[in-house]
Amino acid sequence: MMVLALKCVSESKVPNTGTWMYSSDTRKKVQSTMNKLIQKIQDRQRESGEIGDIYSTSLAMQALLAGGDEERWLKGKARLLIEAQQGMFRNPMALSQLLPVLYQRTYLDIGQINCINENDGLKWMRSDHRTEHNSNNQKGFVHLTVNDMNGTIICTAKVRLFQKMSLQAVLNEARINDAKFNFETRPTLWGPFLTSVCNLRAQDNSRNYWRLLTGNNTPLKQGIQDYRPHQGEHIVLRLSKF
């Protein structure tokens, strides 16, 4: 995002005049800083095309596009398309970062869009993450383990898994069926953020958070709203330091 902001500054002109908004000296300094940031992003691109995780990659691609690096953009785009086909961009925030990249655009292009003919026809879709439970759509079970900072097991749960069930729905099911299991979240632009599990609360001032892992100790790439557990999967909710 910093690269896009600097790009905006370097190309800003006074409206209706064509005159540069900032001095030549300022624009040179801005361009120099932007080039250094872009170089750092380029150096961090892995062979797979990713820069950071899959969600930071879409923003990084916008920075590379702002710097004119089409070769690395193509490499990153190929990876993003693979992940998109696997359902990794269901989240609206993630999708808003991905779509410009797929069309070789950045957030800076928004200012050139003519919205005069838009009819404001978008409709909000609500989801309470409840699943119709019947024997026909049950897929098996998911196992949950909750660890504290020391790795001590606080509580466990075995939850029935139904078709298209999110991790949030799995947690809800565990809470309904086990009086000892509970959890809390707070809303964010990326969806619900897990703050407390089994009466154990993550504290920002203590720099800890709930890390979500599969049974083989692999971090989940998605949050509780978007991740879809698999039959027989073991998910670990571990209080961790950041």
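Axes are lines fitted to C-alpha atoms, for helices over the stretch in contact, and angles run from 0 to 180 degrees between N-to-C directions. Helices (H or I, at least four residues) and strands (E, at least two) are DSSP runs, numbered from the N terminus. The model is predicted, with local features requiring pLDDT of at least 70 and side-chain atom pairs counting only at pLDDT 80 or more, whereas totals for chains, interfaces and linings use all residues. Residues are numbered from 1 along each chain as its sequence is written, and side-chain values use heavy atoms, leaving out hydrogens and water.

Two packed helices are described by the angle between their axes and the distance between the axes. Helix H2 (residues 24–43) packs against helix H3 (residues 54–66) at an angle of about 130°, and their axes are 10 Å apart. That angle makes H2 oblique to H3; angles under 35 degrees count as roughly parallel, over 145 as roughly antiparallel, 65 to 115 as roughly perpendicular and the rest as oblique. In the contact (heavy atoms within 4.5 Å), Ile38, Ile41 and Gln42 of H2 meet Ala60, Ala63 and Leu64 of H3. Five of the residues in this contact are nonpolar, one is polar and none is charged. Here Ala, Val, Leu, Ile, Met, Phe, Trp, Tyr, Cys and Pro count as nonpolar, Asp, Glu, Lys and Arg as charged, and the others, Gly among them, as polar.

The description now turns to the sheet. Four strands form an open sheet with mixed pairing, in the order E2-E1-E7-E6; two strands pair if DSSP finds at least two bridges between them. Strand E2 (153–162) and strand E6 (208–214) are the edge strands, each pairing on one side only. From one strand to the next, the twist averages 20°. Strand E1 (residues 138–147) and E2 run antiparallel and are joined by nine bridges, and histidine 143 stands opposite lysine 158 in E2. Helix H6 (residues 167–177) packs on the sheet, where H6 touches E1, E2, E6 and strand E7 (234–241), and the direction of H6 makes about 110° with that of E2.

Backbone geometry deserves a separate note. Most residues other than glycine have a negative phi. Lysine 164, in the loop between E2 and H6, has a positive phi near 60°. Cysteine 198, in the loop between strand E4 (193–197) and strand E5 (200–201), has a positive phi near 50°. Lysine 164 is exposed, with a relative accessible area of 75%, whereas cysteine 198 is buried, at 9%. Buried means under 20% relative accessible area, exposed over 50%, and partly exposed in between (1.4 Å probe, protein chains only).
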